[in-house]
Amino acid sequence: MKTLTIGDLLARLPIIQGGMGVGISLSGLASAVANQGGVGVISSAGLGVIYREHSKDYNTASIWGLREELRKAREKTKGIIGVNVMVAMSNFADMVRTAIAEKADIIFSGAGMPLNLPSFLTKGSKTKLAPIVSSARAAKLICEKWLANYKYVPDAIVVEGPKAGGHLGYKPEQITDEHFSLERLLPEIVSEVRRFGTAHDTHIPVIAAGGIYTGEDIYRIMELGADGVQMGTRFVTTEECDASTEFKRSYIEASQQDIEIIQSPVGMPGRAIHNSFLERVKQGLK
């Protein structure tokens, strides 16, 4: 596989481990992926719950938790460590500032349009910025806005197709529509990003995500123009993943019929494994 180059960051394997909250991808999984030559990613979502013993204030606990996880990761690896911060989070700004202050290598940001992400960079900061998009139009808008408002070009762009597991930037009816498949969208987005990059004398790597699981999937998607791939679910059941054994077992034992589309907490469609909690949500009990 070819090396993934994001500015001065070189990932020997062109694989980014997707950020998975709450407590699924923390320093344990991120450092393990980074040690193997990929890009390890800590999710900032829900850290206030995980670190609530440090402070009863969610925001305070979240900031402390992200610092702690980044420092733990740095103790375990010299590889590339990123942070995933969702635009839809109430503490988006705090998490971005903390990641930059702690010198995270890269911030991945989706679940909304991170139009002001470059505004948080400080003098001398080397943290790279990678927006997550679901259309060529969104990629073009972010590139143009960042350049016009901050004289900043995205260091990479992640394209999440409708088969991704997280918060999807699609309408429910688009999720199963082949016109919105990753295979259909990726070449359009690559073309748009390449055109912008050429006009500004830079190469912006495009990372493909959503439903990529095997080596064959990686090859097929990279043949469509991607510089690398992002994989989340593939890492959940590994020994190194920070999730509980029970959580991992639910993935292993799930069948295709158990997977359902839900309304995620940030108001977007998302994939989930059917369980009693979702039943209670449907009944209005949660």
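# Exercises on helices, burial and ring pairs

A99 is found in helix α4; helices here are DSSP runs of H or I with at least four residues, strands are runs of E with at least two, and both are numbered from the N terminus. The model is predicted, so local features need pLDDT of at least 70 and side-chain atom pairs count only at pLDDT 80 or more, while totals for chains, interfaces and linings use all residues. Residues are numbered from 1 along each chain as its sequence is written, and side-chain values use heavy atoms, with hydrogens and water left out.

## Exercise 1

Task: Decide whether A99 is buried or exposed, and list its contacts beyond the neighbours within four places in sequence.

Solution: 
- Start with the cut-offs: buried means under 20% relative accessible area, exposed means over 50%, and partly exposed lies in between (1.4 Å probe, protein chains only).
- A99 has a relative accessible area of 0%, so A99 is buried.
- Next, recall that contact means heavy atoms within 4.5 Å. Leaving aside neighbours within four places in sequence, A99 touches L66, L70, V83, A104, I107 and T127.
- Now look along the rest of the helix: F92, M95, V96, T98, A99 and I100 are buried in α4.
- Those buried residues pack against α3, β5 and β6 (106-109).
- Finally, step past the helix to K103, which follows α4 and has a positive phi near 60°.

## Exercise 2

Task: Describe how helices α3 and α4 are placed relative to each other.

Solution: 
- Two packed helices are described by the angle between their axes and the distance between the axes.
- Each axis is a line fitted to C-alpha atoms, for helices over the stretch in contact, and angles run from 0 to 180 degrees between N-to-C directions.
- The axes of α3 (residues 58-76) and α4 (residues 92-101) come within 10 Å and cross at roughly 30°.
- That makes α3 roughly parallel to α4 (under 35 degrees is roughly parallel, over 145 roughly antiparallel, 65 to 115 roughly perpendicular, and the rest oblique).
- On the α3 side, the contact is made by N59, S62, I63, L66, R67 and L70, and on the α4 side by D94, M95, T98 and A99.

## Exercise 3

Task: Explain why helix α1 is called largely enclosed.

Solution: 
- Seven of the nine residues of α1 (residues 27-35) are buried, so the rest of the structure largely encloses this helix.
- Name them: S27, G28, L29, A30, S31, V33 and A34.
- Their packing partners are β3 (15-17), β4 (39-43), α3, β5 (80-84) and α8 (233-236).

## Exercise 4

Task: Classify the ring pair formed by F247 and Y251.

Solution: 
- Rings of Phe, Tyr and Trp (its six-membered ring) pair if their centres lie within 6.5 Å; planes under 30 degrees apart are stacked, over 60 edge-to-face, and the rest tilted.
- The whole structure holds four aromatic pairs. In one of them, F247 and Y251 have ring centres 5.2 Å apart and planes at 40°, so the pair is tilted.
- F247 and Y251 are four residues apart in helix α9 (residues 245-253), which separates them by about one helical turn.
- F247 is partly exposed at 30% relative accessibility, and Y251 is partly exposed at 29%.
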